[in-house]
Amino acid sequence: MSCLLAAALAGNFYDDMDITFGNQRAKIFNNGQDLSLSLDHFSGSGFQSKHEYLFGRFDMQLKLVPGNSAGTVTTFYLSSQGAGHDEIDFEFLGNSSGNPYTIHTNVYAQGKGDKEQQFRPWFDPTAAFHTYTIVWNSQRIIFLIDNISIRVFEASGVPFPNRQPMRVYASLWNADDWATQGGRVKTDWTKAPFTASYRKFNANANKVGPDQTSENNNQAWSTQGLDAAGRNRIRWVHANYMIYNYCTDNSRFPAGLPPECKTSKFL
Ligand SMILES: *[C@@H]1O[C@H](CO)[C@@H](O)[C@H](O)[C@H]1NC(C)=O
């Protein structure tokens, strides 16, 4: 019985997602269990969730563009719509063969972002699927990779996404004007099409809208924070794999660092 329940809860891309651009470059296959996005010199591709959510835990497994992925950007993010939007981003900036991906994260609250943190993966993100997770509750946002917290953004005392429902989005597109080594390394179109793979999407989240059937059997995410082990691991990630942190970029904020940077325990 619990197996049936777990299977029913695991996402199906046909049920959960709409292809938003790229036509046949986005493919759902294997009975809705797998989705691939591709990019060629005419277009990238992308999809978005059918539902909107207000808080939840969102898991996606991704296998990134292998080989020479310079110029490509693969994404998995949450966003509200309209002016003053909220957004919680994972973006994966490709690189030339043998050079590491950059895992880029950002948070927008009421239209304002400028909260980038970037990381190197401690694994080859193109060799196998890894699980990328956004936990979004009323107290904080947590970014995780394979259940290891890499970033925490606390709500206390700062603008925070807490009123606008968000959809899940994913895309693969060309950004060779800025993505790789500051735009110096361009997409090698002789290697196209580029392909990234997605599977095992799971939203354990508050659905908003007319058919808000609950996907909320396990509400652990709603109070999720970091325990002692989680704090040790995030310190390990930050010490070894963080390559950019807006909270230490004084030259960017001459009038002073944003307030959340002063209270954050994980600088
Ligand atoms: C690509 O590799 C170079 C050299 O290792 C590195 O400086 C850069 O940050 C990497 N990532 C991107 C997205 O350029």
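1. Gln181 is partly exposed, with a relative accessible area of 35%, where buried means under 20% relative accessible area, exposed means over 50%, and partly exposed lies in between, all computed with a 1.4 Å probe on protein chains only. The residue sits in the loop between E13 and E14, and its phi is positive, at about 45°, although Gln181 is not a glycine. Helices (H or I, at least four residues) and strands (E, at least two) are DSSP runs here, numbered from the N terminus.

2. The model is predicted, so that local features need pLDDT of at least 70 and side-chain atom pairs count only at pLDDT 80 or more, whereas totals for chains, interfaces and linings use all residues. Residues are numbered from 1 along each chain as its sequence is written, and side-chain values use heavy atoms, with hydrogens and water left out.

3. A second residue with a positive phi that is not a glycine is Asn23, with a value near 50°. Asn23 is placed in the loop between E1 and strand E2 (26-29), and with a relative accessibility of 60% Asn23 counts as exposed.

4. The loop between E13 and strand E14 (194-208) also holds Ala192, and Pro193 lies in that loop too. The peptide bond leading from Ala192 to Pro193 is cis, with omega near 0°, which a colleague may wish to look at in the model. Ala192 itself counts as partly exposed, at 26% relative accessibility. When residues up to four places away in sequence are not counted, Ala192 touches Leu39 and Asp40, a contact being defined by heavy atoms within 4.5 Å. The pair Ala192 and Asp40 is separated by 152 residues in sequence, yet the distance between their C-alpha atoms is 5.3 Å.

5. Which strands make up the open sheet, and in what order? The sheet has eight strands in the order E1-E4-E13-E6-E7-E8-E9-E15, and the pairing is antiparallel; two strands pair if DSSP finds at least two bridges between them. Strand E1 (17-21) and strand E15 (242-245) are the edge strands, each with a single partner, so one side of each has no neighbour in the sheet. From one strand to the next the twist averages 15°, with axes taken as lines fitted to C-alpha atoms (for helices, over the stretch in contact) and angles running from 0 to 180 degrees between N-to-C directions.

6. At the E1 side, E1 pairs with strand E4 (residues 45-49) in the antiparallel sense over four bridges. Met17 stands opposite Ser49 of E4, and the bridge partner of Asp18 in E4 is Gln48. E4 is in turn joined to strand E13 (residues 167-174) by four bridges, the two strands running antiparallel, and here Gln48 has Tyr169 of E13 as its bridge partner.

7. An unreviewed UniProt entry carries the annotation "active site" for Glu87 and Glu91; UniProt positions are given in the numbering used here, feature names are shortened, and annotations may be inferred rather than shown by experiment. Glu87 is found in strand E7, and Glu87 is buried, with a relative accessible area of 14%. Beyond four places in sequence, Glu87 touches residues including Tyr77, Asn106, Tyr108 and Met166. The side chains of Glu87 and His85 are joined by a polar contact of 2.7 Å, that is, a pair of N or O atoms within 3.5 Å, where within protein one must be able to donate a hydrogen and the other to accept it, and residues adjacent in sequence count only if both atoms are side-chain atoms.

8. Glu91 likewise has its place in strand E7 and is buried, with a relative accessible area of 14%. Leaving aside neighbours within four places in sequence, Glu91 is in contact with several residues, among them Val73, Thr75, His104 and Trp178.

9. The UniProt annotation "glycosylation site", again from an unreviewed entry, covers Asn95, which lies in the loop between strand E7 (87-93) and strand E8 (102-108). Is Asn95 buried or exposed? At 9% relative accessibility, Asn95 counts as buried. Not counting residues up to four places away in sequence, Asn95 touches Gly67, Asn68, Ser69, Ala70, Pro100, Thr180 and Gln181.
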